[in-house]
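Please read this briefing with the sequence and the structure side by side.

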Amino acid sequence: MSSRVLRPTLLAVLVFAAGALSLTAQDWRGKARVDGRVANEKGEGIAGAKLTFRRGGAGPDAVSSNSKGRWAYLGLASGSWDIDVEAPGYMPYKTTVQLSEVDRIPSMDIRLQPAPKAEPKADAAVPKNAAPDVIPILEHGNQLLQQKDFAGARAEYEKGLAVIPNNPIILRAIAQTYYGEKNLDRAIETLLKVVELDPTDTTAQLLLGTLQLEKGNLDEGRATLAKLPPDTIKDSAVFVNIGILLLNKKKADDAWEYFDKAVKVAPAEADNYYYRGLTAMQLKKKAEAMADFQKYLEVAPTGDYAADVKEYLKSLK
């Protein structure tokens, strides 16, 4: 695989070793330049991605990618730099690169994975046995929600909530309006209340866990999803996203468990074998890594990661 491409799942594989240094607030300044592009899995540039550079806890202000996803920074010292990348709607990305004021590294191609999407169904906002005079209000809220008038929909739902206080179904719909406005804090706050009112509402628990993950609250999201009954999660992407977050935190053992779950939920998805194989390779599980990479090529011989997988297999032989 070309060293120019850094994928979220390769974070621990592509970390460069560097000697520990005692840094002052100004030690990060130098003449090294780093640049690259932030894109989605399809290769489309992501505008407004925030990149933060840190060396020993110090570094410059964050930079943002332009309309084509391009970014650059000149003025960093030689050494090992941690780079965090964030963009609305995408999973957080972390990597480490070794910079030199003498030799310039290749342009970085950073690919972000979409954050998990978990949206309450608009038609779920009318509770059973609701009073006849409340039903039209809630149905109007549903119509406004479908039109993406989130504030208007929430106003209607709150009218219904005044008549049927603490109703989990209406609260779940209100959470949807906050999610539509990208207000994850309020959406999570509302879903926490739903789960408190109805601990058996697995839909709300799944929504809560995925939104906590989308916000980057890994431990909270994992704890919420762990409370779900077995086989509740049918979408392997939920497990893959948790695995990627764990790799970002250098917890390869835990990450492997979630990629393993992804394979078991969706054995026909080639990418699940790719992620599990990468993690197995990082954990020095040569036989398991080779088996997963061979399975990937069997399922998707011309898949997006086929070229990378072939290189990994060569290196493992």
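Are helix 7 and helix 8 roughly parallel or roughly antiparallel to each other? In this predicted model, helix 7 and helix 8 pack at an angle of about 165 degrees with their axes 8 Å apart, and since angles over 145 degrees count as roughly antiparallel, the two helices are therefore roughly antiparallel to each other.

**The chain as a whole**

- The chain holds eleven helices and eight strands, and buried residues make up 48% of its 317 residues.
- Of the contacts in the chain with a separation of 6 or more, 56% are accounted for by residues 24 or more positions apart.

**Helix 7 against helix 8**

- Helix 7 passes helix 8 in a left-handed crossing, and the residues of their contact divide into twelve nonpolar, two polar and two charged.
- On the side of helix 7, the residues that meet helix 8 are Ser-236, Phe-239, Val-240, Ile-242, Gly-243, Ile-244, Leu-246 and Leu-247.
- On the side of helix 8, their partners are Ala-252, Asp-254, Ala-255, Tyr-258, Phe-259, Lys-261, Ala-262 and Val-265.

- Twelve of the 13 residues of helix 7 are buried, so helix 7 is largely enclosed by the rest of the structure; among the buried residues are Val-238, Asn-241, Leu-245 and Asn-248.
- What covers these buried residues includes strand 7 (93-99), helix 5 (202-214), helix 6 (218-226), helix 8 (252-265) and helix 9 (270-282).

**The surroundings of helix 5**

- Helix 5 has 13 residues and reaches 18 Å from its first C-alpha to its last, close to the 18 Å expected at 1.5 Å a residue.
- Ten of the 13 residues of helix 5 are buried, so helix 5 is largely enclosed by the rest of the structure; the buried residues include Ala-204, Gln-205, Leu-208, Thr-210 and Glu-214.
- The buried residues of helix 5 pack against helix 3 (168-180), helix 4 (184-197), helix 6 and helix 7.

**Helix 1 against helix 2**

- The axes of helix 1 (residues 135-146) and helix 2 (residues 150-163) come within 8 Å and cross at roughly 165 degrees, which makes helix 1 roughly antiparallel to helix 2.
- The crossing of helix 1 and helix 2 is left-handed, and by class their contact has seven nonpolar, five polar and two charged residues.
- Helix 1 contributes Ile-137, Leu-138, His-140, Gly-141, Asn-142, Leu-144 and Leu-145 to this contact, where they meet Phe-150, Gly-152, Ala-153, Glu-156, Tyr-157, Lys-159 and Gly-160 in helix 2.

**Glu-158 in helix 2**

- Glu-158 is found in helix 2, and with a relative accessible area of 40% Glu-158 is partly exposed, a class that lies between buried, under 20%, and exposed, over 50%.
- Leaving aside residues up to four places away in sequence, Glu-158 touches Ile-174 and Tyr-178.
- Glu-158 and Leu-171 are 13 residues apart in sequence, and their C-alpha atoms are 8.6 Å apart in space.

Terms used. Residues are numbered from 1 along each chain as its sequence is written. This is a predicted model: local features need pLDDT of at least 70, side-chain atom pairs count only at pLDDT 80 or more; totals for chains, interfaces and linings use all residues. Side-chain values use heavy atoms; hydrogens and water are left out. Axes are lines fitted to C-alpha atoms, for helices over the stretch in contact, and angles run from 0 to 180 degrees between N-to-C directions. Helices (H or I, at least four residues) and strands (E, at least two) are DSSP runs, numbered from the N terminus. Angles under 35 degrees count as roughly parallel, over 145 as roughly antiparallel, 65 to 115 as roughly perpendicular and the rest as oblique. A crossing is left-handed if the near helix is turned anticlockwise from the far one by less than a right angle, and right-handed if clockwise. Contact means heavy atoms within 4.5 Å. Ala, Val, Leu, Ile, Met, Phe, Trp, Tyr, Cys and Pro count as nonpolar, Asp, Glu, Lys and Arg as charged, and the others, Gly among them, as polar. Buried means under 20% relative accessible area, exposed over 50%, partly exposed in between (1.4 Å probe, protein chains only). The expected span of a helix is 1.5 Å times one less than its number of residues.
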